[in-house]
Amino acid sequence: MSTAQTIRREGRRAGRSEGVEWLGRTGLVAQGAIYALVALLAIEVALEGRATSHEPDKQGALRLVADQPAGDWLLGALALGFVAYALWRFSQAVVDRSGKGSDAKGLAKRVGYFCIGAWYAVLAVLAVQVILGSSGSGGNEQETTAGVFGWPFGRELVLGAAAGFFVAAGWNVYRAVSGKLDKHLRTQEMSQGERTTVVAIGGVGHLARGAVFGLIGAFLAKAAIQFDPNEARGLDGALLELTQQPFGRLILGGVAVGLAAFGLWCIAQARYREV
């Protein structure tokens, strides 16, 4: 057996080990925690009708943690959790831990896993930056979009980003209504009541995520069509925009509850998901 074949074999063995399983479960707890914190900030905005001291997005959630007693230690734990989650997703992408195969559909899913892993690696870096006190505003969505508009095919790139958010929104809504949320759960370890409760919580959470992603996509699409970067919104902007609509604070409160439900769904997966 050649050296390259040996490396691939050992890589597959490591990627499918029990250690990676625990990385996945740890990462799911961290994912649940960050969504719960975003939900908490969104509820504060719904009650106040305006931005609070922390924006209702993931960076705001990290800063909220930093402001608590022993905040740096809590942020460090979150950062480690995000790293664990990223490594689990990378194992799904690179060594095909989930057995998706190498056909077009399987490779597409594995690329998706890699992108998710990369995003959580970025979150880990952001958490470390907050600990070190080196995380500024990093610019906002309007500034970023304005910069992209200056690139060749910049408008098309923004439209592509909007389409990506629409796809993510549709995927989340589909997951919520498809009846397949328990597909990767170890249902044999759950009572009927536990299974029904977990799936219901997951459905509410996915609907909320779908709504938020759809809003972000709509703002990006509007920015591209009107060629106006001021129309772009991130998660914080999309949630704040809701407060300006009729019954907006009530709707935002519902979205916040849904995001909290998604956090609970992640934590339930840490216990029951086949990872």
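# Exercises on contacts and surface

**Exercise 1.** Which salt bridge does Asp182 form, and where do its partners lie?

Asp182 pairs with Arg195 in a salt bridge, and their closest N and O atoms are 2.6 Å apart. Asp182 sits in the loop between α7 and α8 and Arg195 in helix α8, so the pair ties together parts that are 13 residues apart in sequence. Here a salt bridge is a side-chain nitrogen of Lys or Arg within 4 Å of a carboxyl oxygen of Asp or Glu. Helices are DSSP runs (H or I, at least four residues), numbered from the N terminus.

Next, check the cover. Buried means under 20% relative accessible area, exposed means over 50%, and partly exposed lies in between (1.4 Å probe, protein chains only). Asp182 has 16%, so Asp182 is buried. Arg195 has 31%, so Arg195 is partly exposed.

A note on the source: this is a predicted model, in which local features need pLDDT of at least 70, side-chain atom pairs count only at pLDDT 80 or more, and totals for chains, interfaces and linings use all residues. Residues are numbered from 1 along each chain as its sequence is written, and side-chain values use heavy atoms, with hydrogens and water left out.

**Exercise 2.** Find the aromatic pairs. How are the rings of Phe165 and Phe213 arranged?

A search of the whole structure gives six aromatic pairs. The pair of Phe165 and Phe213 is tilted, with 6.1 Å centre to centre and 50 degrees between the planes. It links distant parts of the chain: Phe165 is in helix α7, Phe213 is in helix α8, and they are 48 residues apart.

Check the label with the cut-offs. Rings of Phe, Tyr and Trp (its six-membered ring) pair if their centres lie within 6.5 Å; planes under 30 degrees apart count as stacked, over 60 as edge-to-face and the rest as tilted.

Then compare the cover. Phe165 is partly exposed because its relative accessibility is 27%. Phe213 is buried because its relative accessibility is 19%.

Ring pairs also build a cluster from Phe82, Tyr85, Trp88 and Tyr120.

**Exercise 3.** Which residues make the nonpolar surface patch of about 250 Å²?

Val29, Leu264 and Ile267 make this patch. Leu264 lies in helix α10 (residues 248-272). Patch residues have over 30% relative accessible area and no salt bridge; like charges are joined within 9 Å, nonpolar side chains (Val, Leu, Ile, Met, Phe, Trp, Tyr) within 5 Å.

**Exercise 4.** What is phi of Asp96, and is Asp96 buried or exposed?

Phi of Asp96 is near 55 degrees. That is a positive value in a residue other than glycine. Asp96 lies in the loop between α4 and α5 (104-132). Its relative accessibility is 10%, so Asp96 counts as buried.

Conventions
Helices (H or I, at least four residues) and strands (E, at least two) are DSSP runs, numbered from the N terminus. Accessible areas come from the Shrake-Rupley method with a 1.4 Å probe; for residues, only the protein chains shown count as cover.
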